[in-house]
Amino acid sequence: MLIAYDYRPETAAAAFLAKPQGLLIDGGRVASASGRMFKSLNPATEEVIASIAEGNEADVDRAVVSARRAFEGPWRTMRASERGQILQRWAGLLKQHADEIVELESLDAGKPIAAVLRQDLPAAIDTLTYYAGWADKISGDVVPVRDDALTYTVREPVGVVAAIVPWNFPLMIGMWKLAPALACGCTVVMKPAELTSLSALRIGELALEAGLPPGVFNIVTGPGRVVGDALVNHPDVDKVTFTGSPGVGRGIMKGASGNFKRVSLELGGKSANVIFADADLEAASKAAASGIFFNAGQVCSAGSRVLVQESAYDEVVERIAARARSLRIGDPLDRSTALGPVISEKQMKSILDYVDIGRQEGASLVTGGERVGKRGYFVSPTVFANVAHEMRISQEEIFGPVVSVIRFKDEADALRIANGTAYSLAAGIWSRDIGRLQRFAKKARAGTVWMNTYGYTDVRLPWGGERDSGLGREHGTAAIDNFTEPKAVWVNLNV
Ligand code: NAD
């Protein structure tokens, strides 16, 4: 789905950004209890672009009370088809306001606008449309047990959902949580990442315009340790759906145990993109480069380890490095920009620290490894060769445009290295041998396996991983299970 977009400097996004950004609670934009605000920066210019209300425990409580009321009231009791129609209307408004939304997302997250147009917004709209269609198709089963009873199941919404979202795909990942939760009849309190709260606030306004009753979708912006923590520990929240780092995910599991909230976690990755010598090396190298440099490497499923069979190793390293050198780095609002800044100064420093670690560990820096310019958090696309599996740059998630290229001998060696990290989100394999592709897919510890391609996701297919990559799956029917509880019903036929 391509969206027509014509960037004009004085757009609606500018008018939105000029307003102080309140929380969204009970159908209105409101000040935070403390009255405090925090600033949001454009990572490409380091300029302040918005002032956002800083929520705290009292705001979370207000939002949860409103979400509970909306759950017990209009949202749960509404006809399922009507819920679906409201979500469809909302999807229509997202299309109508596409240029404003993509501009906000690009300014706030430093994403190249061409990528937001190609992926983030179309994927968010597709997700919303897909789950809007599910709203009136969530059904139970009649399960025959005995002759004197009618026994059946129904699926009921789990209740009030806390949705905690990261900064790398604020709009798209936010919608991965919102759309299925709302379609199932749950109500939501969302906490966007403090670095990227703006697109959520704008689409929240559009949700109200689409007819979402007050309290069905609330947004409390502010720091994770305050707002996120208050949501995770709130006794009237029934479920937490989280995407972010494994460290925070661990804390969420502990916090949620207080009232045994349901939890789903989408965490990190150190995914292997495995290239055998018999593969189409041009196609594989091209996909390996985009698999790590897309969104400046800030992608949970980034192919941050490229494993290459010995005889093809030098050629593939050179092809990836050539692509890295040719990427156009610059203003995210310029449609020809391929690589924007990373999200923050802290993230930039952390990435550059990993470059130093890689050098000290003895890996060869083929290209990149530096800050680009003095303004904005730009990091050049970086390729490390001669990386050993045990090195930290091969084991730890860098979350930046840095790829570790590792040699392997044969199939067994490739599998050992591919499966040899704490993560298990995704893996790619490139070969012309169909048996090898299938053997690898069977044994790869990964929630998604790509064969002779890399990086595709679709809301119709399950998404997630195990161990440090998370718990449970999003998307498809898995998300319907996440946001509903099955109930068994017995009817005595003899009275
Ligand atoms: P993060 O864990 O720092 O933050 C994620 C969200 O959690 C933010 O909204 C943050 O404010 C909030 N948070 C922080 N501390 C909290 C606390 N104590 N309690 C509750 N909430 C808290 O992660 P990030 O830096 O925003 O995102 C990067 C990480 O996310 C990477 O590890 C990446 O791999 C992962 N990620 C995973 C997926 C996936 O689908 N598996 C997708 C995107 C990002």
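## Exercises on the ligand site

Because domain 1 (12–267) and domain 2 (272–458) both give residues to the shell around the ligand, the ligand lies between them, with the domain bounds taken from an automatic or database domain assignment. This is a predicted model, in which local features need pLDDT of at least 70 and side-chain atom pairs count only at pLDDT 80 or more, while totals for chains, interfaces and linings use all residues. Residues are numbered from 1 along each chain as its sequence is written, and side-chain values use heavy atoms, without hydrogens and water.

**Exercise 1.** Describe the shell by residue class and by nearest members.

*Solution.* Start with the 27 residues around the ligand (a heavy atom within 4 Å), of which Val165, Glu194, Ser245, Leu267 and Glu397 come nearest. Then sort the shell by class, which gives 15 nonpolar, seven polar and five charged residues; here Ala, Val, Leu, Ile, Met, Phe, Trp, Tyr, Cys and Pro count as nonpolar, Asp, Glu, Lys and Arg as charged, and the others, Gly among them, as polar.

**Exercise 2.** Which side chains place a polar atom by an oxygen atom of the ligand?

*Solution.* Taking polar contacts as N or O pairs within 3.5 Å, begin with Glu397, at 2.6 Å from a ligand oxygen. Continue with Glu194, at 2.7 Å, and finish with Trp167, at 2.9 Å.

Notes:
A polar contact is a pair of N or O atoms within 3.5 Å; within protein, one must be able to donate a hydrogen and the other to accept it, and residues adjacent in sequence count only if both atoms are side-chain atoms.
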